Amino acid sequence: MTSMTKTSMTKPTERPASAGREGRSKFRLSEKTREALTGYLLILPLFFGVTILFFYPIARSIELSFMKTGIFSGETFVGLAQYKRLFSDPQTWVATRNTFIYALVALFEIPIAVFFATLLHSKNLKFLSGYRVFFFLPVVTLPSAIGMIWALMYNGDFGIVNYVSGLFGAPKISWLTTPYVVIIAVAFVGIWMGLGRSIILILAGLQTVPKELHEAAEIDGAGPIRQFFDVTLPMISPTVFLVAVLNVIASMQVFDLIFIMINPDTNPIYREAQTLVVYFYEVGFIDSNRGYAAAISIFLLVIIMAITGLQFWLQRRWVNYDR
Amino acid sequence: MTAKSRIQTQQQRLMLVHAILIMGSAVMVFPFVWQIMTSFKTSPEALLVPPKLLPAAFQFSAYERVFARIPFWDMLYVSIWSVVVRTIAQVVFCSMAGYAFARLRFPFRNTLFIMLLAIMMVPREIYLLPQTEIMKSLGLLDTIAALTAPGLFSAFGTFLMRQFFMTLPSSLEEAARIDGASRLRIFFEIMLPLARPGMVALAIFTSLWSWNELLWPIVVNSDPSKLNLAAGISSLAGTRTIDFPMMMAGSLMAQLPMILLFIVLQKRFVEGIATSGLKG
């Protein structure tokens, strides 16, 4: 590859790059200025798009959250009225509670992923790539498809989940239409769906643990379980922490699974099972109350920032960064 | 412990590991088996108690009902079109900006980069209402252009490419500088080819994300023929009489292209997720 680029460099090209060279004889910009101009040129297309589609919308959402919007009337400034409404709206609290329950249950993905990643990391393990495919299948499957599959399997009357649990003598449960149970049931699907991704990330962390550490521990007479807790876990704790933080942030914003599995048309407890993102969607796009929806989205941002901050505060207690 | 018995315990341990991994794999694969089998059942068959895995006879009627209910081919076209355009745009724009942030010095570089990182941390719900307003004011509602637009630019992709460029050795660039090559040329002819693994990771991440996207498409488009498959099949679920074989047939057809791509490019997918998969 190197030799190819070398030869192509000596040939004259008609790329815009050569235009800059002609310019040199006319203007003689300083080296520093030309570097800066190239930098701005390279980030220009991205910042053009990002300014319109991301920076402006952040400002606009904040503005909207101070407005009252009607479907036919314009916008009127109402100060903090939308936020006052937010705190007195019982549905916000139901949705916030559900969002937290979901994120907490989804956190179980981390120990499960660490467990399977450790097994997949075993010495001399054959068929590794085969297992990897199996655990990865849900990661490359549409969440809306996964929602449908599990809606079928969770069905209270004829679902396979009840059939299997019935074999062990468990009573029939209508998984998706029982309050609280429904959030936990959907969160387990979230775990099932994201597990492969977390395993891959933790496996990558495991591969950086030096073998000598295990050998030394083995000579000291530590068994595999002891080795895991005393050697492996402290070494991979930064990776595990990062995966956990991203997992919480992502699970507080899950929309697809909940939207598909808890269908407003067919699920009688739809409102009791709603999370903040789904409530935001309903207020903003079904009821077209954009001002209030904007306030909900800002509220979600504040919660996510607070949780992230809390996690980084907690990490000092158990994440081991000195290597 | 003798060497022989040590090997024996190690083998027993591996057997146990395999046993657990096989059980885990079964839990991962079974729902898909159930999905496939249900898609070939008749509607009453799908509601049997106790449930049966195999259909009495393999029926294709559920697939016919999918094509009757939703404009499947239009949706497939929208999915593919938006994936291809978004992937190309992100790879181009994010490589350019990523290189600038990794290697070039210019005023406000760090400020601009931190602003980009802020985009990644803000939940996407914040962008949705204003983005819809923008599409509406441009008269783009119910178009593929609107469905594709926000995915053309990615802060996360830029971050990923910047990290990748930072791992490349700077000696090549320095040599080319001495030869008198301009920075733009160095970028296009030397650095870009070297960044291919990073671009592949970004391309895989972007296609997967774009193929799966549900919320933005249903917010900005309502015409079924202008929805991607992820959003399109979701309309199969929203009926009073739930037709599970049809839902399974539709979802199976929608997920199949990505799964096939994954099986073909397995190693690249796994590497791509390991480098880019930090973001849900």
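Domain bounds here come from an automatic or database domain assignment. On that basis, chain A splits into domain 1, residues 13-64, and domain 2, residues 83-318. Their C-alpha centres are 40 Å apart.

Before going on, please keep in mind that this is a predicted model. For the complex, the predictor reports an ipTM of 0.91 and a pTM of 0.89. Chain B has a mean pLDDT of 91, with 96% of its residues at 70 or more.

Next, the contact between the chains. Chain A puts 80 residues into it, and chain B puts in 89. On the chain B side, helix α1, residues 3-39, supplies the largest share, namely 13 residues. What is the make-up of the side of chain B that touches chain A, in nonpolar, polar and charged residues? The count is 64 nonpolar, 15 polar and ten charged.

The largest nonpolar core has 166 residues. Which of them touch the most other members? They are I199(A), I202(A) and I296(A). The largest share of this core comes from helix α10 of chain A, residues 181-206, which gives 14 residues.

Let me take I202(A) as an example. Setting aside neighbours within four places in sequence, I202(A) is in contact with A113(A), V114(A) and A117(A), and also with I236(A), T239(A), V240(A) and V243(A).

To recap: chain A has two assigned domains, domain 1 and domain 2, the contact takes residues from both chain A and chain B, and I202(A) is among the residues that touch the most other members of the largest nonpolar core.

How values were computed: Residues are numbered from 1 along each chain as its sequence is written. Chains are lettered from A and ligands numbered from 1 in the order in which they are written. This is a predicted model: local features need pLDDT of at least 70, side-chain atom pairs count only at pLDDT 80 or more; totals for chains, interfaces and linings use all residues. Two residues are in contact if their C-beta atoms, placed from the backbone, lie within 7 Å. Helices (H or I, at least four residues) and strands (E, at least two) are DSSP runs, numbered from the N terminus. Ala, Val, Leu, Ile, Met, Phe, Trp, Tyr, Cys and Pro count as nonpolar, Asp, Glu, Lys and Arg as charged, and the others, Gly among them, as polar. pLDDT is the predictor's confidence in each residue, from 0 to 100. A nonpolar core is a set of buried Ala, Val, Leu, Ile, Met, Phe, Trp, Tyr and Cys residues joined through C-beta atoms within 7 Å. A residue is buried if 20 or more other C-beta atoms lie within 10 Å of its own, exposed if 12 or fewer, and partly exposed in between; C-beta atoms are placed from the backbone.
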